[in-house]
Amino acid sequence: MGTNYKVVKYSREEEDGSKTNITAMDYGDGVFKAHNAKGPAVTNKKMEIVEYYIYGVKMSKDDWSKKVKAKGC
C-alpha cells in the first residue's frame, strides 16, 4: 500500500432509518477501501453491525487487533 491516501468517513441512511458509518481510505483515484486502525470501520448501532477492516480486508475483531498491534497500521 502506498502512502498517497487520506482517511475519510462516510455515513448512509438505511431503509429502516438507521445510519451506517464507514471509515475508509481514499486513494484519490476513485478507489476506496474500508480501513480503521482505531476501531471498527463499519458500524450501525440499530442493525448491530460492527465490522473490522484493514486495507479493505474484512477480519474478525481478534485478527484485526493482532494486525493493528503487530503492524501499527
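Contact here means heavy atoms within 4.5 Å. By that criterion, and leaving aside neighbours within four places in sequence, tyrosine 52 is in contact with Gly39, Pro40, Ala41, Val57, Lys58, Met59, Ser60, Lys61 and Trp64. The structure is a predicted model, in which local features need pLDDT of at least 70 and side-chain atom pairs count only at pLDDT 80 or more, while totals for chains, interfaces and linings use all residues. Residues are numbered from 1 along each chain as its sequence is written, and side-chain values use heavy atoms, with hydrogens and water left out.

**Confidence and overall layout**

- The mean pLDDT (the predictor's confidence in each residue, from 0 to 100) is 92 for the protein, and 93% of the residues reach 70 or more.
- The protein has one helix and six strands; these are DSSP runs numbered from the N terminus, helices being H or I of at least four residues and strands E of at least two.
- Their order along the sequence is β-β-β-β-β-β-α.
- Among these elements, the lowest mean pLDDT (92) belongs to helix 1 (residues 61–71), and the highest (98) to strand 4 (residues 42–44).
- The C-alpha trace spans about 35 × 30 × 15 Å along its principal axes.
- Of the 73 residues, 30% count as buried; buried means under 20% relative accessible area, exposed over 50%, and partly exposed in between, with a 1.4 Å probe and protein chains only.
- Of the contacts with a separation of 6 or more, 21% are between residues 24 or more positions apart.

- Strand 1 (residues 6–13) and strand 2 (residues 19–26) run antiparallel and are joined by eight bridges; two strands pair if DSSP finds at least two bridges between them.
- Within this pairing, valine 7 has methionine 25 of strand 2 as its bridge partner.
- The two strands form a hairpin with five residues between them, and glycine 17 in the turn has a positive phi of about 90 degrees.

**Nonpolar core**

- The largest nonpolar core has five residues, namely Tyr52, Ile54, Met59, Trp64 and Val68; such a core is a set of buried Ala, Val, Leu, Ile, Met, Phe, Trp, Tyr and Cys residues joined through side-chain atoms within 4.5 Å.
- Strand 5 (49–54) and helix 1 are the elements that give two or more residues to this core.

**Salt bridges**

- There are two salt bridges in the structure, each defined as a side-chain nitrogen of Lys or Arg within 4 Å of a carboxyl oxygen of Asp or Glu.
- One of them joins arginine 12 and glutamate 14, at 2.8 Å from N to O; arginine 12 is partly exposed at 46% relative accessibility.
- Lysine 58 forms a salt bridge with glutamate 51, with the closest N and O atoms 3.5 Å apart; lysine 58 is exposed at 51% relative accessibility.

**Aromatic pairs**

- The structure holds three aromatic pairs; rings of Phe, Tyr and Trp (its six-membered ring) pair if their centres lie within 6.5 Å, with planes under 30 degrees apart counted as stacked, over 60 as edge-to-face and the rest as tilted.
- One of these is the tilted pair of tyrosine 5 and tyrosine 27, at 5.8 Å centre to centre and 55 degrees between the planes.
- Tyrosine 5 lies in the segment before strand 1 and tyrosine 27 in the loop between strand 2 and strand 3 (32–34), so their pair ties together parts 22 residues apart in sequence.
- Tyrosine 5 is partly exposed at 31% relative accessibility, whereas tyrosine 27 counts as buried at 19%.
- The rings of tyrosine 10 and phenylalanine 32 form an edge-to-face pair, because their planes stand at 80 degrees, with the centres 5.7 Å apart.
- Tyrosine 10 is in strand 1 and phenylalanine 32 in strand 3, so this pair also ties together parts 22 residues apart in sequence.
- Tyrosine 10 is partly exposed at 38% relative accessibility, and phenylalanine 32 is partly exposed at 42%.

**Single residues**

- Glutamate 48, in the loop between strand 4 and strand 5, has a positive phi near 55 degrees without being a glycine, and is exposed with a relative accessible area of 71%.
- Tyrosine 55, in the loop between strand 5 and strand 6 (57–59), is not a glycine but has a positive phi of about 50 degrees; tyrosine 55 is partly exposed at 26% relative accessibility.
- Lysine 69 is in helix 1 and is exposed, with a relative accessible area of 71%.
- The C-alpha atoms of lysine 69 and alanine 37 are 9.3 Å apart, although 32 residues separate the two along the chain.
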